[in-house]
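Here are a couple of exercises to work through with the model open in your viewer. Try each task before you read its solution.

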Amino acid sequence: MSKKFTERLGFALLAACAVLVLLFLGIILFDIFSKGIGVISWNFLSQPPKQGMTEGGIFPAILGTFLVSIITVAFAVPLGMFAAVYLHEYARPGRTTRMIRLAIRNLSGVPSIVYGLFGVVLFVQLMHLGTSILSAGLTLGLLTLPWTITACEEALKTVPKAYREGALALGATKWHAIRTNVLPYAIPGMLTGVILGLARAAGETAPILFTGAAFFLPHLPGSIFDQFMALPYHLYILATQHHDIAKVRPIAYGTALVLLGLILLLSFSAIWLRYRYRQGLKG
Amino acid sequence: MFRKSWYFAGLFAIAFTTLVLSVPMANGQGMIQVKGSDSEVNLVQRLAEVFMQKNPGVNISVTGGGSGTGIAALINKQTDIANSSRELSAKEEEAAKKAGVSPFRVAFATDGISVILHPENPVSKLTVDQLGKIFKGEIGNWKEVGGPDMKISLYGRQSNSGTYVFFREFVLKGDYSQHMKSMNGNAQIVEGVQRDKAGVGYAAVGYVVGSSGEVKPGVKILNVAKDEKSEAYNPAKMENVMTGKYPISRPLNQYLNGKPSGKLLDFMKFQISPEGQEIVRKQGFFPVQANWAEFNRKQGL
Amino acid sequence: MSFGAAVSKAADMKELETSLREARRRRRKETLIERFFFLNGLMAILILGGIFALLFIKAYPAFAELGILQFFAGAVWNPTSYSIPRYGILSLIVSSLMVTLGALIIAVPLGVGCAAFISEMASKRFKEILKPAIEILAAIPSVVVGFLGIVLVNPIISKLFGVSHGLNALNGSILLAIMALPTIVSLSEDALRAVPQTYKEASLALGANRWQTLVRVSIPSALSGIIASIMLGMGRAIGETMTVLMATGNAPALTFNFLEAIQTMTATIAIELGEVPYNTTHYYALFVIGFVLFVMTFVVNLISDVILQKYQEVER
């Protein structure tokens with residue numbers, strides 16, 4: 001075979017790979033969108049489920065996901081930021097720092113169900129928080145933490161050294177320099193990372209399975225110690241455990257679409273934010 | 001644009017929301033909690049709906065999770081009523097005693113566990129023994145029982161299911177095959193068998209029979225014989241189940257903590273009243289059998 | 001010295017003392033702050049260690065009561081048995097490895113090919129479509145992918161392969177491949193992009209065409225990065241729960257047939273944790289599975305780390 005032919009064939013194969021990947025994505029998005037859009041209405045988004053879940057909407061699940069996410073962010077963001085500040089501003093190269101980084105990388109690879117197991121023992125049982133928004137939020141917070149740390153560190157890296165050094169040269173203490181000359185410029189980048197982490201946490205089911213998610217609650221949660229409904233868990237039950245699977249299939253598609261839409265909305269805002277911020281920093 | 005003030009404002013918003021949320025609001029005190037059997041959940045939800053219509057001010061929440069989950073919740077004092085499609089095990093009775101819970105049983109309906117096949121499967125009757133062997137994995141191909149040459153594809157429930165336990169106790173008398181697919185509920189088994197020409201599964205009769213006794217589309221209900229010498233009967237016919245001719249019948253139960261009173265007692269009485277039993281029929285199940293009705297009466301219901 | 005001079009000297013000394021004290025206070029505050037941040041950094045190690053410790057502590061009673069062999073030499077998982085409870089997790093491990101292997105077989109060629117396409121061939125416009133597309137693919141939650149496994153992939157498999165149903169290891173492999181793809185593509189693409197331009201130019205100068213350069217120079221040079229990405233994708237696949245829970249049929253038998261239903265380690269925990277009373281043997285046994293899962297993903301991540309480290313060293 002001539003060299004030119006192999007080259008053409010090879011590149012065609014590569015193109016085929018890319019096309020196939022795009023095709024996968026396209027099929028997924030198309031299926032969810034086409035079968036779910038028919039169910040979406042203002043009613044669907046604002047009403048609770050009725051008639052044994054075969055009618056009505058999914059508002060409690062949307063609210064539940066939102067409430068858990070607040071706890072997740074409240075936990076993972078400060079911790080993540082502080083850890084990132086340490087790693088980027090204070091840490092000296094050495095074994096401890098390497099171990100910390102190794103631990104972070106490994107934490108991001110821990111299976112979500114293992115986080116769920118850990119959450120059940122630590123938050124639900126040991127800390128007596130029971131199955132609740134709080135337990136689930138903290139469990140998800142742990143899951144999001146490695147991601148938040150990495151994203152915040154990336155944000156800190158983009159702040160030019162000159163900012164920091166200028167402040168130090170003028171006699172500021174290290175913390176003062178960080179506080180006034182680094183953090184404010186890193187915040188938008190950190191925000192991006194936080195929103196992306198949030199998008200990921202919102203879609204997770206395994207960690208909330210046993211730490212607080214419930215299929216049907218007749219009332220909205222009244223405090224963070226209550227159980228809650230959540231979009232991903234709702235989809236799971238509608239698809240497998242409901243007593244009239246065929247009838248609620250359209251609602252399942254609608255739930256999938258809302259969940260996907262929420263995650264994509266969050267992701268896009270984060271990416272847009274990052275883009276605007278990078279433009280800002282350039283100028 | 002992104003000043004420190006925005007950052008602090010954001011933190012404050014989060015803290016505020018969290019604080020607000022942690023103030024417990026009135027959370028439906030006086031609500032009756034019902035948890036447990038997936039076989040019963042649809043039926044009891046309907047009963048609860050009608051009862052709530054007639055008794056505004058009463059709130060009843062019905063969820064599934066399997067008989068085992070319901071009983072565990074009763075023992076943990078997390079539910080008022082445990083729906084259970086099987087009886088309490090010795091271990092559960094002990095655990096209840098230890099937890100200070102005295103299980104009060106009410107039988108409110110009858111079920112004939114239906115064995116379902118794909119409509120194209122020519123097999124129409126089997127003995128209990130053959131069924132047991134099929135689900136244990138000892139009979140692996142449909143041709144061994146008069147069907148087509150296809151590997152039998154088993155659908156069953158998970159160990160928290162009362163139906164799973166009951167079927168194992170009375171039909172298999174042994175362990176399920178490791179190749180049986182564990183589905184999350186009756187409806188998922190029905191869905192699986194509808195799509196699987198070699199499929200067989202077991203489900204509560206209310207999931208496969210409609211409000212006037214007709215078989216729901218997409219599945220076929222097997223006739224089951226007690227043994228080789230007996231006749232095979234179909235659970236869709238009420239008479240077969242009520243007289244015990246159909247060999248895989250069972251009462252559908254609810255367990256409470258001690259004899260109920262007040263609104264809880266009213267709800268229990270409603271379920272076994274003629275109106276309640278009519279609803280049971282409409283959901284595809286059968287009314288309480290005579291001996292269980294007597295049992296209920298003896299307890300004061 | 002005169003009285004006035006003594007007073008002013010005393011005043012100077014007082015000022016010196018005060019400013020020294022302030023400086024000491026500031027330094028203490030700085031040290032405290034630094035220590036505070038250090039503790040936060042240490043958090044990561046504490047959490048990782050905590051998860052390991054907790055899993056082990058909860059798994060230990062099962063080991064103690066049943067012995068390690070019960071778990072690792074048994075292929076039958078049936079803790080709620082009619083007769084004797086069995087806790088063999090071999091079949092579960094095999095099932096997890098099967099879907100992972102299947103996923104890699106699909107995702108590695110596709111992913112590396114796609115990455116090569118992006119880094120070598122794609123025009124700027126195509127890149128602007130492909131890279132966000134990969135990020136969107138990564139954002140799709142596992143429960144949605146599992147849902148599509150039930151409603152979409154299931155009938156396709158049963159029709160295509162002539163089997164009676166499509167809830168099996170193959171279904172799981174396809175879905176996991178979709179989930180692992182974004183990791184493999186983006187990290188492999190990073191690795192390929194990091195290949196120094198000089199390598200490629202030298203190859204072209206020596207008469208190789210772009211394809212040969214890609215295959216014989218770029219990919220080998222980026223190999224460690226690519227392998228690291230594969231290992232990370234593998235870790236992701238082993239640990240995935242909802243997708244396999246919904247689409248693989250959940251039959252705990254030991255089998256090597258991709259067209260049969262299987263039950264992975266993750267699915268087992270997800271199914272049984274909710275129905276098991278706390279602190280029973282069955283409960284502890286589930287933590288054994290969790291522990292094994294944790295160790296497996298930890299090892300895979302460690303290997304990927306080591307490979308990346310070596311890679312960075314070599315490049316320097």
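**Exercise 1.** This is a predicted model. Work out how helix α1 (residues 3-36) of chain A is oriented relative to helix α8 (residues 210-239) of chain C, and what kinds of residues make the contact.

*Solution.* 
- Step 1: Start with the axes. Those of α1(A) and α8(C) come within 8 Å and cross at roughly 65 degrees.
- Step 2: Classify the angle. Angles from 65 to 115 degrees count as roughly perpendicular, so α1(A) is roughly perpendicular to α8(C).
- Step 3: List who touches whom. α1(A) brings Lys3(A), Thr6(A), Glu7(A), Gly10(A), Phe11(A) and Leu14(A), while α8(C) brings Arg210(C), Trp211(C), Gln212(C) and Leu214(C).
- Step 4: Sort these residues by type. You get four nonpolar, three polar and three charged.

**Exercise 2.** Now hop over to chain B: trace the open sheet of five strands, then find the helix that packs on it.

*Solution.* 
- Step 1: Get the strand order. It reads β2-β1-β3-β13-β4 in chain B, with mixed pairing.
- Step 2: Find the edges. β2 (59-65) and β4 (103-112) of chain B each pair on one side only.
- Step 3: Check the twist. From one strand to the next, it averages 20 degrees.
- Step 4: Zoom in on one pair. β1 (residues 31-36) of chain B runs parallel to β2(B), and six bridges link the two. Gly36(B) sits opposite Gly65(B) in β2(B).

Key:
Residues numbered from 1 in each chain as written. Chains lettered and ligands numbered in written order. Predicted model: local features only at pLDDT ≥ 70, side-chain atom pairs only at ≥ 80, totals over all residues. Heavy atoms only, no water. Pairing = 2+ DSSP bridges. Helix = DSSP H or I, 4+ residues; strand = E, 2+ residues; numbered from the N terminus. Axes fitted to C-alpha atoms, helices over the stretch in contact; angles between N-to-C directions. Contact = heavy atoms within 4.5 Å. Parallel < 35°, antiparallel > 145°, perpendicular 65-115°, else oblique. Nonpolar A, V, L, I, M, F, W, Y, C, P; charged D, E, K, R; others polar.
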